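Please look through the model below before reading on.

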Amino acid sequence: MNVLKIATAGSVDDGKSTLIGRLLYDTKSLTEDKLEAIKKSSEQRGYDYLDFSLATDGLVAEREQGITIDVAHIYFSTPTKSYIIADTPGHVEYTRNMVTGASTSQVAIILIDARKGVIEQTYRHFFINNLLRVKNVIVAVNKMDLVDYSEEVFNNIKKDFEALNAKSTYAEQIVSYIPVSALKGDNIVDKTDAMSWYNGDTILGHLEELEAQDLYDAGKVRFPVQTVIRPKTDEFHDFRGYAGKISGGSLKVGDAVTVLPSLTQSKIKEIFFFDKTYAEAPAGSSVNITLEDDINITRGDMLVKTDELPKIEKQVTATVCWMDSKNLVPGTKYIVQHNTNRVLSKIDSINSVIATDYTGEQENNNKLSLNEIGEVSIKLSKPIYFDSYNDNKSNGAFILIDAQTNTTAGAGFIS
Amino acid sequence: MIKDTKSQTTTNASLEGLGNALENEAIYIFREVVAQFEKPVLLFSGGKDSITLVRLAQKAFWPAKIPFPLMHIDTGHNFPETIEFRDKLVKELGVELIVRNVQDSIDQGKVVEETGKYASRNMLQTTTLLDAIEEFKFDACIGGARRDEEKARAKERIFSVRDDFGQWDEKNQRPELFDMLNGTIEIGQNVRVFPISNWTELDVWSYIQKEQIEIPSIYFAHKRNIFLRDGLIWSAEDDVVFRAEDEVVEERWVRFRTVGDMSCTAAVLSKADSIDKVVEEIRDSKISERGARIDDKRSEAAMEKRKQQGYF
């Protein structure tokens, strides 16, 4: 069964956790013991209603403060599909965790409080989903029960959001609008009688319609080598397999391939998945391949079809989301991890800090601080072989690792 | 239980069998571990999740053998069926098995055995585990934890960095984007790796069913002497489970849904004596897997606290 990955975004108290709790509750995915635990905790805290955030805010600090700090992954399924929800924090200071959640999602649910409408945080949430090229966005206008289920309120918010959407640079993105009350369960799993003016789908109804396709691109063949498999047993004495996950395109036996960066050429001899061979393997498969020729290939190399070479350069310009408390400044060195390849790099320049509110304003103060997003030029010690993020998500993204602290300090999307 | 290692060529171009998204992801993670770390180890309890990990590791490196040892932190309170199964599996795989005993940590005075009605050795495992990591200088410990098990686990990364005390800093985790896993660490640090993070209990059972993976017999329904306490069913056949005099023993059809330390693992009433029936039962179950684990019920933050101290 296929898996649809969803990331939720919304400001504090917009009701993200309540929405997720409601999805679980109404699809009967919450087991009795978990429900019992939520009831007990809600009662202990003196709440009048079930606080579903107690199920998703898994850390003590989150429950203490009543906010989501880090991504929680929540699972549920219907007879047709499995779902993974990345419940991401809404606070500006946890933007990096929001990016983490959105990076592996095919759908984003952006919550808006019907009483507050589109606010600055909404811009930011939409911006990140634009930047990361999340194909489907559901705008859930929540707390409709608190505005008398007013069609006018919903339409005004929709109009505001459409104005925002008009500024998006991602034309293929599909945005849908659904009026809901997560607390009352209106239009989450079950259609409500309270908003007869709304004829569209419920949240779950909409999700069920979406195709649970992979995050991997069907386009050009990209095969980053993770590790070389040399059994050195009597039976497989000369076996030399290249293990990796196909991050783009479909690989076939007999394909003429080029190994990057050496530019050596060969042909695909066998494609293994465990102990069976296949004539073809699609993007997303973790296979083990052998080649016709005995050539030197190591981790970090990439196999591509000979007529589909990516760009090979020692300099890249990328939109970088900064995730470290130490500012990003020109002249500093970081390790770029691009697929399985690691290359030492130097920050050439920070060209601009991008305003995430769609005002188009950019400033250049020559640094990126925590949770800021900007355009950065990076010089690499060795060439990398990449596509633009728009063409291939895996091959167009990288992370920056701080060599001193080893932490993942930033994420980049190559233009 | 181990597949014939001779390769069988499928002549048609059918893509069936190339694994689903979860299996592909897990295999990818295993390969990242071997590529990024010098001394990985697979934490093996003999339960269904770690047995699934073993199959995934086989798939990740075939036709080579699994390139790391298995390690069992033995509480000494195991179901005998599990130990028997463990030894048989290791022999068939031809991999090294390291066993470290909680009893040794108790004898060395490093941990103190709990007493009373709810005494369990589950918490004590952490010390034995951390000592073993130090002894062998393991830099990555692969575990079968799943995010759907428990709310603190739902927060953890796939590559979870622990300091040299084994501690999880839950408020300062490394961002984990796309497929890119960053396992860079300093000497003394350690990464806990969870290849089946995104699997649910049903995913694991369905996989065992599809792959026809052998599992210890206690997972299937059998007659057992049990007694009831706090609404949970406890085995009355083993000395390690404390039983008060007024707790009445009766024989029932039961099976174990999760296999941990006997002293904190309760059974469920069941007649499911085959994998197909087990899958069906899990699908219809209204109680979560962890509902039978008394150690999680100690407080709302029981798991988080254990993880902060180095529990896997």
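**A walk through the two chains**

Helix 2 of chain B is mostly covered, as 14 of its 14 residues are buried; buried means under 20% relative accessible area, exposed over 50%, and partly exposed in between, with a 1.4 Å probe and protein chains only. Helices (H or I, at least four residues) and strands (E, at least two) are DSSP runs, numbered from the N terminus. Helix 2 spans residues 48–61 of chain B and reaches 20 Å from its first C-alpha to its last, close to the 20 Å expected at 1.5 Å a residue. The expected span is 1.5 Å times one less than the number of residues in the helix.

This is a predicted model, in which local features need pLDDT of at least 70 and side-chain atom pairs count only at pLDDT 80 or more, while totals for chains, interfaces and linings use all residues. Residues are numbered from 1 along each chain as its sequence is written, chains are lettered from A and ligands numbered from 1 in the order in which they are written, and side-chain values use heavy atoms, with hydrogens and water left out.

Chain B as a whole has eight helices and 11 strands. Of its 312 residues, 60% are buried. Contact means heavy atoms within 4.5 Å. Among the contacts in chain B with a separation of 6 or more, 72% are between residues 24 or more positions apart.

Strand 2 (residues 40–43) of chain B is covered on both faces: B:Pro40 and B:Leu42 on one side, and B:Val41 and B:Leu43 on the other, are all buried. In a regular strand the side chains alternate between the two faces of the sheet. Which strands lie beside strand 2 of chain B? Strand 5 (residues 140–142) of chain B pairs with strand 2 in the parallel sense over three bridges; two strands pair if DSSP finds at least two bridges between them. Within strand 5 of chain B, B:Cys141 is the bridge partner of B:Val41. Strand 3 (residues 70–74) of chain B also runs parallel to strand 2, joined by two bridges, and there B:Leu70 stands opposite B:Leu42.

Further along chain B, B:Val254 has its place in strand 10 (residues 250–255). B:Val254 is buried, with a relative accessible area of 0%. Leaving aside neighbours within four places in sequence, its contacts include B:Phe220, B:Ile233 and B:Leu269.

Now turn to the contact between the chains. Chain B gives 70 residues to it and chain A gives 79 residues. Together the two chains bury about 6,400 Å², 56% of it on carbon and sulfur atoms; buried area is the accessible area (1.4 Å probe) that two parts lose on being put together, summed over both. B:Lys155, B:Phe178 and B:Met180 supply 12% of the area that chain B buries against chain A, more than any other three residues.

Chain A holds an open sheet of six strands in the order 2-3-1-4-5-6, with mixed pairing. Strand 2 (72–77) and strand 6 (174–179) of chain A stand at the edges with a single partner strand each, so one side of each is left without a neighbour in the sheet. From one strand to the next, the twist averages 25 degrees. Strand 1 (residues 3–9) and strand 4 (residues 107–113) of chain A pair in the parallel sense over four bridges, and A:Ile109 in strand 4 is the bridge partner of A:Thr8.

Conventions: Axes are lines fitted to C-alpha atoms, for helices over the stretch in contact, and angles run from 0 to 180 degrees between N-to-C directions.
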